[in-house]
Amino acid sequence: MYEIWLMLNIVVEVALSVWPWLAALAVLWLVLMWRARGRDWRASLPAAIALGLGVAAVVFFFMPGWIRSSLGEMKYWVDWANLLGIAAAWGVAGTVLAWPLLTSIRKTRRKA
């Protein structure tokens, strides 16, 4: 239980250290949502999910190298849970940002 609490504390501390970037990301998301209003959201969801899964996969394999570690050094289940959580968070962020963006740039079909 202590390891989970420690991991959550690390996540909170990292979020506090990058809060301006998180705030800018939230504003960007709101702008994208505003631009995509009134469009067909359902059509662009599969592409947004695929993009989010791609982001999660890239982060999963490259995050250890970015923090000067490797997958071989991850020997404890908390390390793997943390890596999966970080990759999932990046994947969700990619999906959440890509969905309104793809919706707003998708051409709407006109009825003839």
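A: Start with a definition: helices (H or I, at least four residues) and strands (E, at least two) are DSSP runs, numbered from the N terminus. By that rule the chain has four helices and zero strands. Read along the sequence, the pattern is α-α-α-α. This is a predicted model, where local features need pLDDT of at least 70, side-chain atom pairs count only at pLDDT 80 or more, and totals for chains, interfaces and linings use all residues. Residues are numbered from 1 along each chain as its sequence is written, and side-chain values use heavy atoms, with hydrogens and water left out.

Now the pocket. A pocket is an open set of points on a 1 Å grid over the protein atoms alone, where a 1.4 Å probe fits, with protein on both sides within 12 Å along at least five of seven lines. Lining residues have an atom within 4 Å of a point. Grid points are joined across faces, edges and corners, and the volume is the space filled by probe spheres set on the points.

The largest pocket has a volume of about 980 Å³. Its lining has 30 residues, and the closest to the centre are Val14, Met63, Ile86, Ala89 and Trp90. H4 gives the most, with 12 residues.

What kinds of residue are these? The lining divides into 23 nonpolar, five polar and two charged. Here Ala, Val, Leu, Ile, Met, Phe, Trp, Tyr, Cys and Pro count as nonpolar, Asp, Glu, Lys and Arg as charged, and the others, Gly among them, as polar.

Next, the chain around the pocket. Its C-alpha trace spans about 60 × 30 × 25 Å along the principal axes. The radius of gyration, taken over C-alpha atoms, is 18 Å, while a compact globule of 112 residues would have one near 13 Å. That globule rule is 2.2 Å times the number of residues to the power 0.38. Of the 112 residues, 20% count as buried, meaning under 20% relative accessible area with a 1.4 Å probe, protein chains only.

Contacts tell how the chain comes together. Contact means heavy atoms within 4.5 Å. Among contacts with a separation of 6 or more, 77% are between residues 24 or more positions apart. Take Glu3, found in helix H1. Glu3 touches Tyr76 and Val78, not counting residues up to four places away in sequence. Glu3 and Val78 are 75 residues apart in sequence, yet 6.8 Å apart in space, C-alpha to C-alpha.

Notes: Buried means under 20% relative accessible area, exposed over 50%, partly exposed in between (1.4 Å probe, protein chains only).
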